Amino acid sequence: MPRRKDIKKVLIIGSGPIVIGQACEFDYSGSQACKALREEGYRTVLVNSNPATIMTDPGMADVTYIEPLNIEVLTKIIAKEKPDAILPTLGGQTGLNLAFFLMKEGVLKKYGVESIGSSVGAIACAEDRDLFKKAMQEIGIDIPKSGIATTVKEGMKIGLDIGFPLILRPAYCLGGSGGAIAYNKEELEVFLAKGIEASPVHQILVEQSVLGWKEIEFEVMRDCADNVIMVTSMENVDPMGVHTGDSIVVAPAQTLTPEEYANFVNLCRKIIRKIGISGGGANIQFGQNPDNGKIVIIEVNPRLSRSSALASKATGIPIARIATKLAIGLTLPEVMNQVTGKTTSFFEPTVDYCVFKICRFTFEKFPYAERVLNTSMKAVGEAMSIGRNFKEAMQKGIRSIEIKRYGFGADGKDKISDEMLKNADSALIKQIKDRVSVPNDERLFYIRYALKAGLSLDEIYALSHIDRWFLDNMKQLVEQEEEIKHYKNKKIEDEPNIPQELLAQAKADGFSDVQLAFLLNAKEEKVRKLHKKSNSKPVYKLVDTCAGEFNARQPYFYSTQETKDEARPSKNKKVIILGGGPNRIGQGIEFDYCCCHAAYALKEEGVDSIMVNCNPETVSTDYDTSDRLYFEPLTFEDIMNIIETEKPIGVIVQFGGQTPINLAVSLREAGVNILGTSSESIDIAEDRKRFKQMIDKLGLLQPKSGTVFTFEEAQKVANDIGYPVLVRPSYVLGGRAMEIVYDAELLERFIKEASEVSGEHPILIDKFLEDAIEIDVDLIGDGETFVIGGIMEHIEQAGVHSGDAAMSLPTYTLSPDILEKIRKATYSLARELNIIGLMNVQYAVKDAKVYILEVNPRASRTVPLVSKVIGVPLAKLATKVMLGKKLKDLGFTEELIPQHVAVKESVFPFNRFPGVDVMLGPEMKSTGEVMGIDADFSSAYIKSQIAAGQKIPKKGNVFISVHDRDKRDVISIAKKLKDLGFNLFASSGTASVLEKNNIPAKVLPKITEGRPNILDLMKDGKIQMVINTPSGRIPRQDEVKIRSQVILYNIPYTTTIFGAQATVNGIEMFMKKDLSVKSLQEYHKVKGKKIK
Amino acid sequence: MKAILVLEDGKSFNANSDLNSECFGEVILNTAVVGYQEMITDPANAGKILVLTYPLIGNYGTAPKFNESLKVWVSGLVVKETSRIYSNFQAKSGLSDFLKEKNAFAIRGLDTRTLAVHLREKGPLWGIISTKTLDVKKLVEKINQIKKQPEQSLLPEISVPKQKILGKGEKLAVLDIGVTNGLLKQLETLGYSLNIFPYNASARQILSVNPKGIVISSGPENDPGLKQVALNIKPLIGKLPMIGIATGCQVLASALGVGLIRLKLGHRGVNYPLARTGSFKGEITVQNHGCVMDYDALCKVKGLKVTAYNLNDHTPEEIESKSLKLIGVQYNPVSAGFDQVNPILVKFKKLLGDKCAKA
């Protein structure tokens, strides 16, 4: 059916900041949707609060709003833009919920906006537990039985009716806390009592346990003519009980019979029809009892999801693009399959490889969080790998997630040695068994230990319920490892000596050179030479949607060990862009944005772009972002293989964050041409000693510092420069293991931690500048001309990681004098390092002095934000500069100072880690960012707070408790709050200071000393905002309790005095005038000169 | 032991095998991810060397209930990797043991992707698998020799030796040119008793049991015995409602004077889109054929309509004639799980004048 003509303008809602559970996948689907709609001639309006996305690039949509995602703002945009339809299925749960509430509040009806892609009815049916239950019962599909109890008696009745085992979940308890599994009547009674008490609303969900069942997912699409296709099946390696976003997943499903498969397909068709999706896609999750095949439905997502992004990358089918076309009335047979160019989208893709998805966790960032996986998602990122068998895909997957592992163990990094495993005592066996049976981020490695310690498949299955088929594949790797070890060298200098066939088999099963070198006790480069000489060179195979049946046009490759290479590299001039790998704290969508821009720039310059990345969520791994895409791990071996096949003129390492930067030196040593700033300069910036020499040479200032390897050295340095000091490892990302240390005792502890992270690299000790203002500067250079992109001022004081700090562009408190000093320093650094491409410098300003904290000769996290605020695509220009263009020719020679103000605020995953302290420090903890943009600082700041999810109050009660040194500053804040009509509550210390200044505040007792205390008031909803600055480096326990409770009850909070100041000024502004909305295109309209 | 697959154009692939043997046949691809047991026991694949493009085979084992017939009919099975264990609660034995028990020849460990792309580019090729000699030249010669010999019909071996009756209910005649258990099960679910006739049954023999309608099963394409089958059933056309399935459909076409056209690469897999003329609603179907009915010739048959075609290459997949009371489907009308019946069989039931509760 032809596309709908009654619709002209479509509003697309993005998913907002990157948080656990909602990451780049929605930038990927949203960008595809924008492109698909424009292709069909519709006008598009886009709203998203996340400035780091490709979708918010001006040019993706006709009108782009970077504004908070809430009903108020969306209503304003709808009133202003008057779209005919809203497409809510691409913005994750956020987009879907917003559309639902816009409908509920009558906004859609008032402005005559239709929800396309998923009707409001369909959303309600999938999201409302009762409607869903009823719908599934009507088509005869089981859901896990459950009931809600408010008393033990009620719970006992429900539980006994359902039968054991039972899962108990107290309502409104964060992250599944207070949940339990009851196996018998006695346990049920005990857990019910505990759970009802733990729940703030004294409710508990009693549910049939499907723990250990197989978890099977399908990606389903349906058009308005009722054509239904299955894009792919997926099987979770981790069975039910682990959130699918945390599970290892394979595609296609590996252990289903054709009959079971047909049943699932049949159920999927019934479900998508019943839910009523008639122009879009859905993800359907099932649980299946492995002992009898019984199936229950777990969930339906009537929208694009993380799984659909994975399915797209796994099969080559652009689900978001197709779903968008279906939403505007086209049918599947009318939408071409762009990969084959011959078939249509009415086709079920089939694969001739195995896809493996594995998650990246960051428990190391939250040392007090329990290191277990359950039904509340904790992964911050994921990697996908492709192989011709499961073993190869798994080993590639493990080395893709960048946890410094090079495969399924056997890489010299195993915590438990073979020797220990051979002679394992019962304590060790118990430890291993525990780690196999309770899901955690290291379970795979513990399965290996279990296999090596002699546990049988059946034993491991009984502990983990991971299907024996997967376990046996792991066992095969362990057996192979043993076989390879027979050929171990006596001396590491010896030539590796391994039979050709065994080597070929090992490579085919995904063993990396690092693993082989370890097992053979040989040098990695010698192993590399050996298999290059023999026939075990990797070849590249196509992801073609059809298992070879049609000749694919899209060059999308994975490596494997086979006989024929399908890469067919072109003779064109080409450049390889190294991506950032899996998202993690410190490295995420911002870098993917830059990589995409590199590809766009190369296209404009007529150079073929070759993308290497392994993150299935991203736009960079979309099939049409680059000319050629290699879905591969970002390790030296995997990248060198691609370079040898493609023979590019150079490699771009500046854009993928720290991952490619860390590879720059070894790539250069292997003779690879690194484009842009030389790897020599990269090394100067990363190596503290060389860096210090440069700073001295340029006559610039740096906090006193030293480079050390041991605690003794550290102590000496710290005594010399004086406490407090900042301790950090070199060559790391996001301030990993970075700490402010006030005395020798703590120094010892952190040196130990830092040396674990740093490895062979030294540890850095800097003088910590208390209460300094931090500044971030982004710069672009071509070796001759250097231009500052933006100077950003941190809102929090020094000591908060720049990735976590809120920032303002332009600066808002610095004097012209200081700004001049910053500019001068930045330009002299750029000239000295001969920057070709991008550079980021971090400064601290204290007592009118400008100190240099850090120089990164690469794209920084703020590049997308700066680009959007000043209206200049910095990453694109940087790419062109790296190819030899000059900034002069590109028309960008002068710093642009925006007339409007943009504030970046960070978003944190604290709600996933119950009980952790929300205090900010030098170690980065945020997963994403939002931007508030407006005419003045206060409005922009308050927008950023609202966008970050803070429910900014206009009245009510504020609790204030601050550290002694903040007490003077808090007076004006408290006064203003009082003047604005807020009631103040305070701790006794803070209250007495306020009292002395004639600001009345109600004193609340310490948590242990009386009730009602602050926790009680928060629980009762009587506190609308909390200002609490930490009392010292080791926070008092009641402070931690207060700060973790604000997360539980979603109460706006600030933990820094500067943040509090900005917030209160913002509230004042917010009370005076409503938020207004303005598109990026409007902000940039005034600009005269055109940047090429 | 070491094995080799050699194609008639001289291209060869090294592999491994558990059995010391040699086999010969047309090399065909199937792109389905699951269904190996059904494929190798489907008589429609008799005499073929079957290459599975999905690389991991045997994961869920085998069970007698998934057999399409009692025998393994393919002359050789070619896979990338066989699973050494099987994991599914329904499985009774692993694929390797199953093959051993049926004395079936399989090879593994070769680059099936490259083989698939080669066949796509070169069109239908014959091949030989051997463990006896790895000499490519000799084996190519052998292919040429065997190809020269007249082809023997497999129908006598495949078909029931004499009439067989299954189930209770109104009578339906099933002409067995390679019928699968899957089809029989669906027909039984529809509520019919089935008179299964050998491939060479005459029209008179079929009419003698007074069936309500006739089903011509699927079976091996291009078998030399099929010509006679077409002649045998020709007198029945228009007399009784009839459905031809896959090769059975080709037999019907041939009885109507419609020829076959060979495809460069057969349709073999579970993901083929079907479009219906004059409708946006199609269907994803299972297909397993290397030839298609000649569209132009079909158009010339009076009262006959092509009701559906393959959306990828627009070849005819479904024919219907009200006046001749017949339906023909080139695809395999498989069940959508457990007790489900494919819509075309439901349609056939309507053609027989029976009401359908299940439709």
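# Close-up views of a predicted two-chain model

**View 1. Helix α6 of chain B lies across a group of strands.** This view, like the others, comes from a predicted model. Helix α6 covers residues 181-189 of chain B.

**View 2. Ten strands of chain B form an open sheet.** The strand order is β10-β12-β11-β13-β14-β19-β18-β17-β15-β16. The pairing is mixed. Which strands stand at the edges? They are β10 (164-166) and β16 (282-293) of chain B. Each has a single partner strand, so one side of each is left without a neighbour in the sheet. On average, neighbouring strands of this sheet are turned by 25° against each other, direction ignored.

**View 3. Strands β15 and β16 of chain B run antiparallel.** Strand β15 holds residues 260-276 of chain B. It is joined to β16(B) by 10 bridges. Look for A275(B): opposite it, in β16(B), stands G282(B).

**View 4. Chain B meets chain A.** On chain B, 43 residues are in contact with 48 residues of chain A. Which elements of chain B give two or more residues to this side? They are α3 (112-122), β15 and β16 of chain B. Sorted by class, the side of chain B that touches chain A has 19 nonpolar, 16 polar and 8 charged residues.

**View 5. Helix α2 of chain A has a buried face.** The helix covers residues 71-81 of chain A. Its buried residues are V73(A), L74(A), I77(A) and I78(A). Why do they line one face? Seen down the axis of α2(A), they fall within an arc of 135°, so they share one face of the helix. E72(A) and A79(A), on the other side, are exposed. After α2(A) comes K82(A), with a positive phi near 50°.

**View 6. Strand β26 of chain A is mostly covered.** The strand spans residues 763-767 of chain A, and 5 of its 5 residues are buried. I763(A), I765(A) and K767(A) point one way from β26(A). L764(A) and D766(A) point the other way. Strand β23 (residues 705-708) of chain A runs antiparallel to β26(A), joined by 4 bridges. Here V708(A) stands opposite I763(A). Strand β24 (residues 725-729) of chain A also runs antiparallel to β26(A), with 5 bridges between them. R728(A) has L764(A) as its bridge partner in β26(A).

**View 7. I791 of chain A is a buried strand residue.** I791(A) sits in strand β28 (residues 786-797) of chain A. Is I791(A) buried or exposed? I791(A) is buried, because 25 other C-beta atoms lie within 10 Å, and 20 or more are enough to count as buried. Leaving out residues up to four places away in sequence, I791(A) touches I775(A), V777(A), P810(A), T811(A), L819(A) and I822(A). N840(A) is 49 residues from I791(A) along the chain, and their C-alpha atoms are separated by 10.0 Å.

**View 8. Helices α32 and α37 of chain A cross.** Helix α32 covers residues 937-947 of chain A, and helix α37 covers residues 1057-1072 of chain A. Their axes come within 8 Å and cross at roughly 100°. The two helices are therefore roughly perpendicular to each other. On the α32(A) side, the contact uses S938(A), S939(A), Y941(A), I942(A) and Q945(A). On the α37(A) side, its residues include A1062(A), I1067(A) and F1070(A). The residues of this contact divide into 6 nonpolar, 6 polar and no charged.

**View 9. Helices α19 and α20 of chain A pack at an angle.** Helix α19 holds residues 513-520 of chain A, and helix α20 holds residues 524-533 of chain A. The angle is about 110°, with the axes 8 Å apart. α19(A) and α20(A) are therefore roughly perpendicular to each other. D513(A), V514(A), L516(A), A517(A) and L520(A) in α19(A) meet E524(A), V527(A) and R528(A) in α20(A). By class, this contact has 5 nonpolar, no polar and 3 charged residues.

Key: Residues are numbered from 1 along each chain as its sequence is written. Chains are lettered from A and ligands numbered from 1 in the order in which they are written. This is a predicted model: local features need pLDDT of at least 70, side-chain atom pairs count only at pLDDT 80 or more; totals for chains, interfaces and linings use all residues. A residue is buried if 20 or more other C-beta atoms lie within 10 Å of its own, exposed if 12 or fewer, and partly exposed in between; C-beta atoms are placed from the backbone. The arc is that of the directions from the helix axis to the C-beta atoms. Two strands pair if DSSP finds at least two bridges between them. Axes are lines fitted to C-alpha atoms, for helices over the stretch in contact, and angles run from 0 to 180 degrees between N-to-C directions. Two residues are in contact if their C-beta atoms, placed from the backbone, lie within 7 Å. Ala, Val, Leu, Ile, Met, Phe, Trp, Tyr, Cys and Pro count as nonpolar, Asp, Glu, Lys and Arg as charged, and the others, Gly among them, as polar. Angles under 35 degrees count as roughly parallel, over 145 as roughly antiparallel, 65 to 115 as roughly perpendicular and the rest as oblique.
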